[in-house]
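Please look over the sequence and the model shown here before reading the report. The headings below take up selected parts of the fold in turn.

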Amino acid sequence: MALQVLTARSAMVFSHQRTLTGRPPFMPQNRIKYKRAHECLLHPEKEWRWIPDFEGLYMVSSCGDIRRHAFRQRWGLVQHVHPRMQYTFYNANGYKTVQFHLEKRYVTYYVHRFVLLAFHGPPPPDYETAHLDGNPNNAHLVNLQWMSHVENLSHRHHHGTCDCG
């Protein structure tokens with residue numbers, strides 16, 4: 001009986017040890033991606049800019065990461081909170097999204113739109129965001145461009161992501 005307790009304890013201790021990759025074995029994959037969000041292997045020299053209409057609160061990188069520069073008000077004093085990476089999620093269509101807490105409710109935004117707004121400015125009338133490689137997960141600046149709807153549809157035919165026959 002004592003031998004079984006000892007082996008159960010050793011199994012419990014082993015399960016909490018880090019693996020060869022340096023991560024605990026029980027950590028889910030989306031958390032791993034979040035923890036390593038500041039590391040962009042494609043663009044190590046990424047640039048950060050303020051998101052229009054959210055200056056002083058949120059920044060976006062050229063790789064599609066969102067950083068929060070929150071200000072907390074306590075007893076009438078404004079205190080600066082250290083910048084933190086904002087959690088991003090993927091919606092049902094595969095697009096990277098982020099939720100901001102605004103006026104006591106959460107609002108969901110597309111990250112690829114923030115990247116283009118911050119680095120290329122507002123779109124011309126009737127233009128939309130286009131992913132040049134057809135991958136909605138890829139929110140890097142080099143993969144995004146403002147296009148008209150007709151141009152975007154022709155690109156969808158080009159890289160094979162169009163649902164039509």
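Predicted model: local features only at pLDDT ≥ 70, side-chain atom pairs only at ≥ 80, totals over all residues.

## The four-strand sheet

Four strands form an open sheet in the order β1-β2-β3-β6, and their pairing is antiparallel. The edges of this sheet are β1 (48-50) and β6 (84-85), each of which pairs on one side only.

Within the sheet, β2 and strand β3 (residues 66-68) are joined in the antiparallel sense over three bridges, and Tyr58 has Arg68 in β3 as its bridge partner. In general, the strands of a sheet pair through backbone hydrogen bonds, in either a parallel or an antiparallel manner.

## Helix α3 and Ser61

Helix α3, which spans residues 111-120, lies across β1, β2 and β3, and runs at about 90° to β2.

Ser61 belongs to strand β2, which covers residues 58-61. Because its relative accessibility is 0%, Ser61 counts as buried, the cut-off for that class being under 20%. When neighbours within four places in sequence are left aside, the residues in contact with Ser61 are Lys46, Glu47, Trp48, Val115 and Phe119.

Key: Residues numbered from 1 in each chain as written. Heavy atoms only, no water. Helix = DSSP H or I, 4+ residues; strand = E, 2+ residues; numbered from the N terminus. Buried < 20%, exposed > 50% of the residue type's maximum accessible area, 1.4 Å probe, protein only. Contact = heavy atoms within 4.5 Å. Pairing = 2+ DSSP bridges. Axes fitted to C-alpha atoms, helices over the stretch in contact; angles between N-to-C directions.
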